[in-house]
Amino acid sequence: MWIFNGKALIAVAIGVVGGIAVAAATKMQAVSAIAAILVAMGVDVWMRFHSEDCEHPLIDPNAGGHVWFAPIWFAGIVLMILLGLSHFRII
């Protein structure tokens, strides 16, 4: 993920805090990593739809925290699948 603005730093920071909170509650690293990814993605989506900087929040890089919306989501979803498979010792 290319972090290029303050919104990305905020999304990542909130995601890390969410992941740490889940790790403290569950003691499961894979679940905490998935929670961190979901929280960061959720914060990014929230920032995109509450941004006044652009007209098209889904595709405008200035609206959220990432360079391009779709590649980051696809990478995050793939990472979540790999973490889930690794957690259940499938891979």
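Residues are numbered from 1 along each chain as its sequence is written. The model is predicted: local features need pLDDT of at least 70 and side-chain atom pairs count only at pLDDT 80 or more, while totals for chains, interfaces and linings use all residues, and side-chain values use heavy atoms, without hydrogens and water.

The chain has a mean pLDDT (the predictor's confidence in each residue, from 0 to 100) of 78, with 79% of its residues at 70 or more. Helices are DSSP runs of H or I with at least four residues, numbered from the N terminus.

| Helix | Mean pLDDT |
|---|---|
| Helix 1 (residues 6-26), highest | 87 |
| Helix 3, lowest | 75 |

Helix 2 (residues 29-49) has 21 residues and spans 30 Å between its first and last C-alpha, close to the expected 30 Å; the expected span is 1.5 Å times one less than the number of residues. Its buried residues (under 20% relative accessible area, with a 1.4 Å probe and protein chains only) include Ala 30, Ser 32, Ile 37, Met 41 and Arg 48. Ser 32 counts as buried because its relative accessibility is 10%. Leaving out residues up to four places away in sequence, Ser 32 touches Gly 19, Val 22 and Ala 23, where contact means heavy atoms within 4.5 Å.

Leu 82 belongs to helix 3 (residues 69-87). With a relative accessible area of 41%, Leu 82 is partly exposed, a class that lies between buried and exposed (over 50%).

Key:
Helix = DSSP H or I, 4+ residues; strand = E, 2+ residues; numbered from the N terminus.
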